[in-house]
Amino acid sequence: MVFRVLDATAFYAGIPFASNDSFMTTSTVYEEIEHIKTKQGILEMLQQTNRLQIRDPDNEFISKVKDTADETGDS
């Protein structure tokens with residue numbers, strides 16, 4: 001199964017609410033967008049139908065991204 005990884009901006013733009021695709025985001029992003037009360041039922045439905053999964057990256061991958069950002073000047 002293919003998932004699209006979303007940040008908070010995608011939720012504010014309504015992307016997962018107007019699509020039949022499957023999505024993944026982190027717990028930090030979910031906490032940020034959870035206040036969208038009008039969409040709360042939709043968020044729960046997306047999770048129950050496995051169209052939205054909340055997963056956090058392993059520390060190993062976070063370190064790799066930080067190292068790369070330091071190397072490219074994007075940190």
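This is a predicted model: local features need pLDDT of at least 70, side-chain atom pairs count only at pLDDT 80 or more; totals for chains, interfaces and linings use all residues.

Reply: Is Ser22 buried or exposed? Its relative accessible area is 11%, and the cut-off for buried is under 20%, so Ser22 counts as buried. Now look at what is around it. Setting aside neighbours within four places in sequence, Ser22 is in contact with Met1, Val2, Phe3, Arg4, Asn50 and Arg51.

Pick Arg4 out of that list and follow its side chain. It meets the side chain of Asp21 in a salt bridge, at 2.9 Å from N to O. This pair ties together distant parts of the chain, 17 residues apart: Arg4 belongs to strand S1 (residues 3-5), while Asp21 is in the loop between helix H1 (8-12) and strand S2 (22-25).

How many salt bridges does the structure hold? There are two, so let's visit the other one, between Lys64 and Glu60, where the closest N and O atoms are 3.6 Å apart. Here both residues lie in helix H4 (residues 59-72), and they are four residues apart, about one turn of the helix. Lys64 is partly exposed, with a relative accessible area of 47%, and Glu60 is partly exposed with 47% as well.

Methods
Residues are numbered from 1 along each chain as its sequence is written. Side-chain values use heavy atoms; hydrogens and water are left out. A salt bridge is a side-chain nitrogen of Lys or Arg within 4 Å of a carboxyl oxygen of Asp or Glu. Helices (H or I, at least four residues) and strands (E, at least two) are DSSP runs, numbered from the N terminus. Buried means under 20% relative accessible area, exposed over 50%, partly exposed in between (1.4 Å probe, protein chains only). Contact means heavy atoms within 4.5 Å.
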